[in-house]
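Have the structure open as you read.

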Amino acid sequence: MGSSVTPSNAPPPIRLTVNGCAHDVPAAPDTALLHVLRNDLELNGPKYGCGLGECGACTVLIDGVAARSCVIPVRAAQGRAVTTLEGLGTRQHPGPTQQAFIDCQAAQCGYCLNGMIMTVEALLRRDPCPTEQVLRSELHHNLCRCGTHVEIMQAALRAVQLRAARAAEDSPR
Ligand code: FES
Ligand code: FES
């Protein structure tokens, strides 16, 4: 007899909180978080690049910290807050980091941009006023095959300005 999986012995669903919404997904616990986000939840902001944790295209935030979702099993994200690119803003109301990349038109093919934006976002959440050197160092391990690094750095610096401006607008007078 084979050992096929039947509904009665299937693993329990994995409960994920993504962009503030809870989801029960019928995924095997070792499935890469990236695949669950894209295939089960239809969140296509995070991209599949290398699948090895080396390029950064798949970056999401887990409890506010940048993480490479292609090498993180979905079970490791249970009980934690996952944020994807879609969780930073909308087309009508982009978040400040997203707006900075739009303003600077910091893309050629755009495939790396998810990772660039999420990495900058994670940095600015813990350090709202980083130096250019810190930004450069933070983005050092995010790869862009199109050579858009100059514009990406301009966008990262603009994100610092926009985030500060929004914080000033939001603070009580
Ligand atoms: S796809 Fe995850 S780091 Fe490259
Ligand atoms: S803009 Fe194409 S990989 Fe970065």
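## The second largest pocket

Which residues line the second largest pocket? Keep in mind that this is a predicted model. The lining is made up of Gly49, Cys50, Cys55, Gly56, Ala57, Cys109, Tyr111, Cys112, Leu143, Cys144 and Arg145. Sorted by class, that gives eight nonpolar residues, two polar and one charged.

This pocket comes in at about 160 Å³. Both domains have a hand in it: domain 1 (7-88) and domain 2 (96-168) each supply at least three of the lining residues.

## The largest pocket

The largest pocket has a volume of about 360 Å³. It's lined by 14 residues, and those closest to its centre are Leu85, Thr90, Arg91, Gln98 and Ile102. Of the elements, α2 gives the most, with three residues.

## A word on the cysteines

How many disulfides are there? The count is zero, with a pair of cysteine sulfur atoms needing to be within 2.5 Å to qualify.

Are Cys50 and Cys70 buried or partly exposed? Cys50, one of the residues lining the second largest pocket, counts as partly exposed because its relative accessibility is 25%, which falls between the 20% and 50% cut-offs. Cys70 is buried, because its 12% relative accessibility is under 20%.

Definitions and conventions: Residues numbered from 1 in each chain as written. Chains lettered and ligands numbered in written order. Predicted model: local features only at pLDDT ≥ 70, side-chain atom pairs only at ≥ 80, totals over all residues. Heavy atoms only, no water. Buried < 20%, exposed > 50% of the residue type's maximum accessible area, 1.4 Å probe, protein only. 1 Å grid on protein atoms, 1.4 Å probe; cavity = no way out; pocket = protein on both sides within 12 Å on 5 of 7 lines; lining within 4 Å. Points joined across faces, edges and corners; volume = space filled by probe spheres on them. Helix = DSSP H or I, 4+ residues; strand = E, 2+ residues; numbered from the N terminus. Nonpolar A, V, L, I, M, F, W, Y, C, P; charged D, E, K, R; others polar. Domains from an automatic or database assignment.
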